[in-house]
Amino acid sequence: MKRKKQAFTLAEVLITIGILGVVAAMSLPVLTTNVSAMQLAAALKTSQAQISDKLDAGMVLEDVDDARDLKAFDPKDISINTVYKGLSKYLNFYTVDEAHKVYTLDDGSLDSTWPANQIRQINTKAFMYITDFEEDLKPENAYAIKQQGGQVLRRIATVYLDVNGYTKPNRFGYDVYKFYLAQNGRLYPVGGSDVSLFASSGASSESMGWTSENKDYACNWSSPGYGCAGRIEEEGWKITYFGKRAQEKKG
């Protein structure tokens, strides 16, 4: 006796399609967020490395051991225009046409406006903004930093990177990140252990890090997000906090 072939009824097919649709609708935002996080983290790592490598090459060409001795950072005539003019020998960048408004991570409020003449586009999309030139430490503080393996002994400048330029949201911790340019010509992320040691004058590699309660260096959804570059680097160049806003705000 032949057995009848089993077949799905129309109702069963429609129910299955409906379930798949719901699962897809729930998964798509998470997938989109993960892809965006990967792209932004990769762009951040690339931009940081590009600037650091070019400045390192500049120090070799000018035969200096301290980035402060680069012609671009001549203390007798230091301004944003002279800095960019000097760096143009090593970095390929372009001027931009409009000012750039930057917002905070926590509530999206306006943090600052970068004047157009102080911004440079350094690759396909990324913007660089340099400010706050030179900050030295007392010799004993620099010694304390060295003893703990810290790399930032002098802050030549503060460097901000927006890895996707005018593309929104233009928020710290999302696509805008803060770095210190150190005496060795490298960019060190605010929120990272090296900047924490420098900012605390050699006292601690964590007190002014991304896990701290200090909002100028922290990275969470209850902070402005200035220290998120440090968090991304220390978590393996990954953005792990996207999609966790509610949990972190409750914490």
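The legends below describe close-up views of a predicted model.

**View 1. Overall arrangement of the predicted protein, which has six helices and eight strands.** From the N terminus on, the elements run α-α-β-β-β-β-β-α-β-β-β-α-α-α. Buried residues make up 43% of the 251 residues, and, of the contacts with a separation of 6 or more, 60% are accounted for by residues 24 or more positions apart. The protein exposes about 13900 Å², of which carbon and sulfur atoms supply 53%.

View 2. Leaving aside residues up to four places away in sequence, His 100 touches Ser 112, Thr 113, Trp 114, Ile 119, Phe 127, Asp 162, Gly 165, Tyr 166 and Asn 170.

**View 3. The buried and exposed sides of helix α3 (residues 139–147).** Asn 141, Ala 142 and Ile 145 are buried in this helix; seen down the axis of α3, its buried residues fall within an arc of 100°, so they line one face of the helix. These buried residues pack against α4 (193–199), whereas Pro 139, Tyr 143, Lys 146 and Gln 147, on the other side of α3, are exposed. Just after α3, Gly 149 takes a positive phi of about 80°.

**View 4. Aromatic pairs, of which the protein has 12.** Phe 172 and Tyr 226 form an edge-to-face pair, at 4.9 Å centre to centre and with 85° between the planes. This pair links distant parts of the chain, 54 residues apart, with Phe 172 in the loop between β6 (155–162) and β7 (176–182) and Tyr 226 in the loop between α4 and α5 (228–234). Both Phe 172 and Tyr 226 are buried. Tyr 174 and Phe 242, by contrast, form a stacked pair, at 4.5 Å centre to centre and with 15° between the planes; Tyr 174 lies in the loop between β6 and β7, and Phe 242, 68 residues apart from it, in the loop between α5 and α6 (245–250). Tyr 174 is partly exposed, with a relative accessible area of 25%, while Phe 242 counts as buried at 10% relative accessibility.

**View 5. The ring cluster that includes Tyr 226, and charges over ring faces.** Trp 114, Tyr 129, Tyr 160, Phe 172 and Tyr 226 are linked into a cluster by ring pairs. Lys 178 lies over the face of Tyr 226, at 5.5 Å from the ring centre, and Arg 155 lies over the face of Tyr 180, at 5.4 Å from the ring centre.

Note on methods
Residues numbered from 1 in each chain as written. Predicted model: local features only at pLDDT ≥ 70, side-chain atom pairs only at ≥ 80, totals over all residues. Heavy atoms only, no water. Contact = heavy atoms within 4.5 Å. Buried < 20%, exposed > 50% of the residue type's maximum accessible area, 1.4 Å probe, protein only. Helix = DSSP H or I, 4+ residues; strand = E, 2+ residues; numbered from the N terminus. Arc of directions from axis to C-beta. Areas by Shrake-Rupley, 256 points an atom, 1.4 Å probe, with all protein chains shown as cover. Phe/Tyr/Trp six-rings, centres within 6.5 Å; stacked < 30°, edge-to-face > 60°. Lys NZ or Arg CZ within 6 Å of the ring centre and 35° of its normal.
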